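Q: I would like to go through this model before setting up any calculations. Could we take it piece by piece?

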Amino acid sequence: MLKHRPTIRDHSAEANLFARRAFVGFVFVLGLVAVLLSNIYTIQVQDHQDYQTRSNDNRIKVIPIAPNRGLIYDRNGVLLAENKPVYNLEVIPEEVDDLDESLDQISKIIAITEQDKQDFLKDIKHTRRFKSQVLKARLDETEVAKFSVNQHKFPGFSIEARLARYYSFGDTLTHALGYVAKLNRKELNQLEQEDRATNYRATHDIGKLGLEKYYEETLHGKVGSQRVEVNNRGRVIRTLSMIPPQPGSDLVLTLDVGLQQIAQHALKDMRGAVVVMDAKDGGVLALYSNPSYDPNLFVHGISSKNYKALLNQDRPLINRTTQGRYAPASTVKPLMAVLALEENIVNETTTMWDPGFFEIRNVEHKWRDWKRWGHGHVDVYKAIEESCDTYFYDAAYRLGITKISDFMARFGYGDLSGIDIHEETTAILPSKEWKEDRFKESWWPGDTISVGIGQGYWTATPIQIANATNILVNRGINHPPHLVQVIKKDNDITQINNEEKPPVILEDPRHWQVSLDAMHNTVQKISGTAHNAFKGTNYDSAGKTGTAQIVSIAQGERYDADSLKERQRDNTIYVGFAPYSDPKIVVSVVLENNHGGIQIARQLMDYYFAANPVNLARNDTP
Amino acid sequence: MTALHDKRSIWMRMHLDLPLLIALLIMMAGSIMVVYSASGQESSMMIRHMTRMGGAIVAMIVLAQFSPATLKRLAIPLYCIGLLMLVGVLLFGVSSKGAQRWLDLGITRFQPAELMKLAVPMTVAWYIGRNHLPPRPMHLIIGFMIVMLPTLLIKEQPDLGTAILIASSGIFVLFLSGLSWRLIGFLSSMVTLAAWPFWHYGMHDYQKQRVLTFLDPESDPLGSGYHIIQSKIAIGSGGVEGKGWLQGTQSQLEFLPERHTDFIFSVLSEEFGLFGVCVLLSLYLFIIGRGLYIAVNAQDAFGKLLAGALTLTFFVYVFVNIGMVSGLLPVVGVPLPLISYGGTSMVTLMAGFGIIMSIATDKRMLLK
């Protein structure tokens with residue numbers, strides 16, 4: 001630089017200096033442009049793939065679409081469980097100018113509870129403002145109409161339809177169908193463990209009980225999805241591609257809703273259970289437990305008030321057909337007779353004298369017959385027809401518990417029937433091992449005596465009783481009970497549940513006939529215990545009554561229904577089948593602390609044979 | 001000679017520099033395309049944008065009619081008015097988005113900082129150009145003070161971006177006037193040394209956070225890093241060829257913030273790719289080259305210094321904006337010159353080019 005400055009300006013020197021500086025400046029600019037460019041090159045060329053992916057992650061979202069749940073029909077094609085649209089009043093907060101004001105206004109048109117309002121305000125705090133939130137669920141038709149007329153006054157408010165399960169027969173089929181309800185955290189964890197959670201991404205409800213639960217996978221279907229492009233606030237701009245969901249398969253049941261209605265009507269306010277089985281294939285024609293309840297209450301989340309009402313002492317939530325444990329009582333006598341015949345304890349002609357009680361030498365206790373003065377001379381037929389206790393006390397005592405227990409197990413006692421719902425108990429078929437395990441006590445010969453008339457430690461469910469009877473009427477052939485006969489998907493029909501279990505084979509098959517004849521007499525002979533109820537039927541039925549005492553009557557006293565409290569009165573049981581010569585159905589009716597089961601069985605059979613006349617019986621049984 | 005003179009005279013008489021004018025008009029045409037895409041094809045916004053462009057072109061033509069001698073005379077009064085208005089802004093200014101930048105003049109709002117973008121280089125160029133080049137230390141100090149006074153006032157608003165632009169415009173005058181390299185070296189090492197204690201003792205935590213976020217935007221992807229990440233995704237996903245005009249998903253689906261203003265470069269990069277970026281940078285380089293050429297050929301020191309400083313300041317816009325949106329520099333609000341939507345800054349820039357054209361077509365010396 002110039003140290004000594006001339007007083008006169010040297011324009012060319014200044015111009016040179018400036019030109020040099022301008023040149024340096026331009027070089028500097030070029031350098032910085034190179035820096036910018038190399039950085040852009042790195043981003044746009046080297047890391048292009050990475051940013052391309054992130055750009056797509058930003059804009060493309062996959063939205064799952066729930067499949068439609070399979071429908072459930074009865075054996076005649078009557079729709080039992082369907083999917084109906086429900087209408088919810090929903091609000092997109094972003095589109096509402098004055099939320100408080102709008103909520104006030106809408107309350108004047110549609111009743112909105114304080115609870116609904118609080119829940120809604122809580123919900124919108126946790127979600128994005130453009131997302132629709134339910135203000136009121138399940139509007140009725142009037143509300144939908146009222147809103148539609150006024151919709152223009154409520155921007156951001158709309159009515160949205162969603163499919164929800166609906167059981168058109170309400171409480172008639174609850175214990176068989178079960179119900180669906182909102183999928184909860186626990187079930188979601190379970191699904192995750194089983195690697196099925198992705199299939200439920202869009203699903204609201206899951207089968208909680210009955211067939212809905214047992215056939216959850218079949219009914220549910222396969223989730224679909226759509227790839228959509230969204231903007232930065234998550235609003236969907238357009239659909240890029242879609243995989244439609246696959247609806248679940250439909251179920252066709254063996255149940256006949258008509259029989260269910262007969263059962264419900266007949267049981268009225270009695271506690272009890274009805275099972276009707278198809279003797280040909282084990283298909284369950286009726287499975288009714290009383291009292292029942294409306295499963296639709298659960299679909300949309302049951303209120304605590306309604307739920308508490310179901311927790312009463314009549315226990316409507318229990319499925320009595322498969323979970324009720326009752327002493328099978330005299331209904332086991334036909335099988336007990338078959339066993340005694342097989343074991344040569346008795347034969348067709350043996351008679352014994354019944355004085356009205358049974359006793360063992362050196363034991364003071366007397367096992368009384370229901371008929372205080374006794375049945376006199378009794379053979380195996382009379383023992384079943386008149387339900388003589390003493391005969392079977394004696395037979396059981398001589399058979400011993402192990403033979404009884406082993407034999408009865410082959411008829412399904414003490415085990416799950418295998419019916420296709422999960423709510424089932426094994427009940428108790430007593431044995432030496434069982435008692436030792438349960439009470440840490442050994443089996444006394446005296447314990448066996450009441451087992452001979454289906455009491456003592458022995459308990460069974462109505463489905464077990466029906467199933468055991470079914471094996472008997474089929475002479476050992478074992479068709480386990482089931483509710484679903486066909487799974488239908490479009491035109492693809494899968495017949496299911498027609499497998500047989502290993503049959504019970506007798507050394508002398510004529511022994512079946514003895515018990516079956518005796519059961520026929522029970523209904524047909526004037527002295528039979530079920531004669532009166534079945535007078536005048538146009539079909540030929542057979543059956544066996546049973547009465548189980550709830551409280552033990554002290555030695556030397558007699559049962560008097562009127563003097564006992566209602567819940568201490570006897571349970572009564574009836575098993576029957578018809579037609580006698582070629583059984584088509586088996587019925588079992590159990591009533592708690594009440595009687596009249598025989599009449600109920602008759603109503604069921606009347607209905608069945610009115611619809612399926614015996615002489616016009618189809619050959620192509622379903 | 002006369003024929004040649006006559007041939008040039010059409011533009012000379014209009015005081016316009018044809019190559020520069022053509023480059024500027026190409027840029028503006030580009031701007032219309034990109035802003036149209038970035039605004040989501042909103043026509044009302046396009047009308048406003050094009051109106052302002054028209055205004056900016058008028059401002060350029062008007063400024064070009066002032067001779068450099070007139071500009072020289074106007075420098076001091078403009079500077080003084082500007083300073084008074086800046087003080088006024090701090091005292092009675094109108095706030096918007098947390099910063100107090102506007103002066104409400106009753107009829108219209110006015111941003112005095114825009115005036116200073118021109119007044120500062122004009123004043124410094126006038127002051128330094130009065131004396132011999134290179135300037136004496138005393139002149140340097142006074143020149144520096146002329147720059148720093150408005151800079152600090154603007155930084156108080158706060159408007160860091162504009163403060164940087166105004167400081168640069170003044171400092172470029174000093175640089176071009178021949179500020180000694182030794183002094184430049186000394187000053188830059190002082191700044192570097194001061195940075196360390198400043199980081200430890202002079203900065204608030206939130207300010208440090210801002211710097212850290214700039215260094216690693218992924219550390220706060222939803223907070224302050226969001227802008228930069230989305231911007232880099234837009235640029236990067238554009239690739240070499242770009243996604244096509246109006247096809248940029250980052251911008252069309254609004255993932256990109258401030259798309260039509262400060263982040264418009266990202267929109268351009270996403271839709272036109274590296275190819276578009278190269279065209280843009282070439283145009284910028286042409287304009288800068290032309291500006292410096294005009295400066296070198298200017299008739300006097302004032303003209304040289306002013307044209308050179310305005311041109312280099314124009315590059316500061318380019319560098320700060322592109323550096324910011326591509327993650328090289330922290331986020332400071334500087335628009336992409338001639339492309340971003342935003343009226344005032346475009347009017348000021350074009351007025352600056354008007355001054356450059358006035359200098360380019362100054363006939364005073366030619367007539368000598």
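Q: In what order do the strands of the open sheet with β1, β8 and β9 of chain A come, and how are they paired?
A: This is a predicted model. In it, the 3 strands follow the order β1-β8-β9 in chain A, and their pairing is antiparallel.

Q: Which strands stand at the edges there?
A: The edges are taken by β1 (60-65) and β9 (236-243) of chain A. Each has a single partner strand, so one side of each lacks a neighbour in the sheet.

Q: By how much are neighbouring strands of this sheet turned against each other?
A: The average is 30°, with direction ignored.

Q: How many bridges join β1(A) to β8 of chain A?
A: There are 6 bridges between β1(A) and β8 (residues 224-230) of chain A, and the two strands run antiparallel. Within β8(A), S225(A) is the residue that stands opposite P64(A).

Q: Next, the open sheet of 5 strands in chain A. What is its order?
A: The order is β12-β11-β21-β20-β19 in chain A, again with antiparallel pairing. The edge strands β12 (284-290) and β19 (542-548) of chain A each pair on one side only. Neighbouring strands of this sheet are turned by 5° against each other on average, direction ignored.

Q: Where does helix α22 of chain A pack?
A: Helix α22 (residues 597-611) of chain A packs on this sheet, where it touches β11 (272-278), β12, β19, β20 and β21 (585-591) of chain A. The direction of α22 makes about 150° with that of β21(A).

Q: And what joins β19(A) to β20 of chain A?
A: The two strands run antiparallel and are joined by 7 bridges, with β20 spanning residues 571-578 of chain A. In β20(A), F577(A) stands opposite A542(A).

Q: Let us step back to chain A as a whole. How many helices and strands are there in chain A?
A: Chain A has 22 helices and 21 strands. Its radius of gyration is 38 Å, well over the 25 Å that the globule rule gives for 622 residues, so chain A is more spread out than a compact globule. Along the principal axes, the C-alpha atoms of chain A fill a box of roughly 160 × 55 × 50 Å.

Q: What share of chain A counts as buried?
A: Of its 622 residues, 40% count as buried. As for contacts in chain A between residues at least 6 apart in sequence, 73% join residues at least 24 apart.

Q: What covers the buried residues of α10 in chain B?
A: The cover includes α1 and α2 of chain A, together with α11 (249-252), α12 (264-296) and α13 (301-325) of chain B. Helix α10(B) is mostly covered, with 11 of its 14 residues buried. Among them are H227(B), K232(B) and I235(B).

Q: How far does α10 of chain B reach from its first C-alpha to its last?
A: Helix α10 (residues 225-238) of chain B reaches 20 Å, close to the 20 Å expected at 1.5 Å a residue. Just after α10(B), G239(B) takes a positive phi of about 65°.

Note on methods
Residues are numbered from 1 along each chain as its sequence is written. Chains are lettered from A and ligands numbered from 1 in the order in which they are written. This is a predicted model: local features need pLDDT of at least 70, side-chain atom pairs count only at pLDDT 80 or more; totals for chains, interfaces and linings use all residues. Helices (H or I, at least four residues) and strands (E, at least two) are DSSP runs, numbered from the N terminus. The expected span of a helix is 1.5 Å times one less than its number of residues. A residue is buried if 20 or more other C-beta atoms lie within 10 Å of its own, exposed if 12 or fewer, and partly exposed in between; C-beta atoms are placed from the backbone. Two residues are in contact if their C-beta atoms, placed from the backbone, lie within 7 Å. The radius of gyration is taken over C-alpha atoms; the globule rule is 2.2 Å times the number of residues to the power 0.38. Two strands pair if DSSP finds at least two bridges between them. Axes are lines fitted to C-alpha atoms, for helices over the stretch in contact, and angles run from 0 to 180 degrees between N-to-C directions.
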